[in-house]
Amino acid sequence: MSVRLILLRLFCHPYFLQAMLVSFWSFCFVAGVLPSVQLNSIMILFLFVSAFYQVSRSLLFLLGSKKFHSQFSNIRKLVVPDGEAPFVSVLVPAFNEETVITGTLNSLIHLDYPNYEIIVLDDGSSDKTVFVAQEFAKKHSNKNIRVHSKANSGKAATLNVGLEIALGEYVLCIDADTRISKGTLIFGINRMISNPQLAALAGIVDLDSTEDFLTKQQELEYNVGNLQKATLGLFGKTNVVPGPIGLFRKSVVLDMGGYTCGVGSYAEDTEITLRIIAEGYQVSFEPQMIAHTQAPRDWFNLMKQRYRWVRGTYQAVFKHIPRLINSEKRSDRAFGLFLYCEQVFPVTMELGVLIYFLTKFLVYEEIAFLTIYLALLILVDFIVARVCLEKISLPRWRCFNRVLICRFSYSINLLMWKVFSIFEEWKSVKMGWDKVYRYSAEAIGLGGEKGELHG
C-alpha cells in the first residue's frame with residue numbers, strides 16, 4: 001500500500017476529522033482566553049491563512065466565471081436542423097406535488113425545442129399528483145406527455161425507472177416544483193453536441209420568490225454558487241448538477257448503473273456528478289439553462305433541507321475522494337483535493353475564528369485586529385455580491401446590507417447547523433428524506449399560507 005493511500009485513509013477517517021476539528025476549536029478557545037503572546041501569535045497566523053483562503057477562493061471564482069462566460073458566449077444556437085435535433089426525455093420525479101405540478105408541466109410544454117417527451121414519474125404519491133398530471137396530459141394531448149406511477153422508493157430509484165423507460169438520447173432531470181426557461185434544451189443540447197466528452201450539464205437555479213429575509217439570503221447564496229460552477233466548468237469538473245435542472249447523456253448514466261439508491265443517495269445529484277467525473281467524463285455549466293424553483297421560507301424547513309444537503313454531500317464527497325486523489329490524472333487529483341478542502345477547511349476555520357472572536361471580546365473586549373479582519377472579508381463579500389446580483393440591479397446600500405446580514409446572521413446559523421449535521425453523520429445517526437413545504441403559485445404571489453406537506 002502506497003504512503004499516499006495510507007495518508008488519504010487517515011485524513012478521510014471520521015475519527016481523525018473529529019479529533020482535528022475538536023482540537024483546533026479547543027485551541028481557538030484557549031488562545032482567546034489565555035493572555036499568551038505565543039498562542040495569540042499562532043492564532044493570528046491561522047487568521048491570515050483563513051483570510052487568504054477565503055479571499056483567494058472568491059477572487060478565483062470571480063475571474064474563472066468571467067473567463068467561462070467569455071469562452072462560451074458564442075455557443076448560442078442549435079447546430080443541427082430541427083428535423084435532426086436529438087430526441088430528449090424530460091424526467092419529472094414527483095411525490096405529493098399536486099399544488100405545483102401543473103406549473104412545472106406548463107413550462108415544459110412551452111420549451112423552444114422541436115423533439116422531446118415529458119415523463120412524470122410519480123413515486124407513490126398519496127395526494128392527487130397523478131390525477132392532476134394525467135388531466136394535464138389529456139388537456140394537452142398534442143404534446144408528448146407520459147405519466148408513470150410506481151410504489152414509493154425515493155427520488156434516486158424513481159429517476160432510475162425514468163432512465164429505463166426514457167426514449168431520448170439525452171435526459172433532462174428537473175424537480176416537480178421547477179419552471180424552466182424556454183431555451184434550456186437548445187442551449188444544453190448544443191453544448192452536448194459540441195463536446196462528445198461532456199456527459200452532464202448543470203444549469204442555474206433561480207428562486208420563484210425573494211420577498212422575505214430567508215429567500216433573499218438564499219438568492220445571494222445560490223448566485224455565489226453559480227460562480228463556482230462556472231469556474232469548475234472551465235475544467236469540465238463542475239462539482240454538482242443540481243436536482244432542479246440537469247442535462248445528461250443517458251448512455252453514460254446507464255453504463256454507470258444509474259443513480260445510487262439507499263444510503264448515500266440523500267444528495268443524489270452530487271453523487272452522480274462526482275461519479276461521472278471519476279469515470280473520466282466532463283461535467284460543465286450552462287448559464288442559459290435556467291430553473292425557477294421554490295425555496296424554504298422559514299427556518300424550520302430551511303434547516304431540514306440543509307441537514308439533508310450537508311449529510312448527503314458529505315457522504316458523496318468522501319465516497320469519491322479516494323478514487324479521485326488516487327487517479328493517474330493530475331486534474332482529478334487536484335479536484336479531489338479541492339473537494340476535501342471545501343468540506344473540511346471552511347467549517348474548521350469559520351467556527352474556530354468565531355470561537356476566538358467571542359472569547360477574545362468577552363474576556364478582554366479586544367476588537368481592533370478582529371475588526372480589520374472582518375472588514376477585509378466583508379469587502380470581498382460585497383464585491384462578490386455586486387457581481388452576483390448585478391442582474392437584479394440591487395442598489396449598493398441594499399447589497400451591502402444583505403452582505404452584512406449574511407456574514408453575521410444567516411451564515412453563522414448555517415455554519416452551526418452544518419457542524420451539527422456533520423457530527424450526526426460521523427455518529428451514523430439514522431436519517432431520511434425529510435419533507436419541506438411546497439407553496440402554490442397563488443400562495444407565493446399573495447404571500448399566503450403554506451400548501452400541503454410535500455417531498
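**The largest cavity and its lining**

Author: Fifteen residues line the largest cavity, and Leu159, Cys173, Gly243, Tyr259 and Glu268 lie nearest its centre. A cavity here is a set of points, on a 1 Å grid over the protein atoms alone, where a 1.4 Å probe fits but cannot get out; lining residues have an atom within 4 Å of a point. The model is predicted: local features need pLDDT of at least 70, side-chain atom pairs count only at pLDDT 80 or more, and totals for chains, interfaces and linings use all residues. Numbering runs from 1 along each chain as its sequence is written, and side-chain values use heavy atoms, with hydrogens and water left out.

Helix 6 (155-165), strand 7 (246-249) and helix 10 (268-278) each give two or more residues to the lining. Helices (H or I, at least four residues) and strands (E, at least two) are DSSP runs, numbered from the N terminus. Helix 10 has the largest share, three residues. By class, the lining has nine nonpolar, two polar and four charged residues. Nonpolar covers Ala, Val, Leu, Ile, Met, Phe, Trp, Tyr, Cys and Pro; charged covers Asp, Glu, Lys and Arg; the others, Gly among them, are polar.

The space in this cavity is about 70 Å³. The whole structure holds three cavities of 30 Å³ or more. Grid points are joined across faces, edges and corners, and a volume is the space filled by probe spheres set on the points.

Now the charged pairs. Glu268 forms a salt bridge with Lys155, with the closest N and O atoms 3.3 Å apart. The rule asks for a side-chain nitrogen of Lys or Arg within 4 Å of a carboxyl oxygen of Asp or Glu. Lys155 sits in helix 6 and Glu268 in helix 10, 113 residues apart, so the pair links distant parts of the chain. Both Lys155 and Glu268 are buried, meaning under 20% relative accessible area with a 1.4 Å probe, protein chains only (exposed is over 50%, partly exposed in between). Shared partners join Lys155, Asp175 and Glu268 into one salt-bridge network. The count comes to 17 salt bridges.

Then the packing. Leu159 and Cys173 both touch Leu91, where contact means heavy atoms within 4.5 Å. Leu91 is among the residues with the most contacts inside the largest nonpolar core, which has 74 residues. Such a core is a set of buried Ala, Val, Leu, Ile, Met, Phe, Trp, Tyr and Cys residues joined through side-chain atoms within 4.5 Å.

Key. 1 Å grid on protein atoms, 1.4 Å probe; cavity = no way out; pocket = protein on both sides within 12 Å on 5 of 7 lines; lining within 4 Å. Lists of a residue's contacts leave out its neighbours within four places in sequence.
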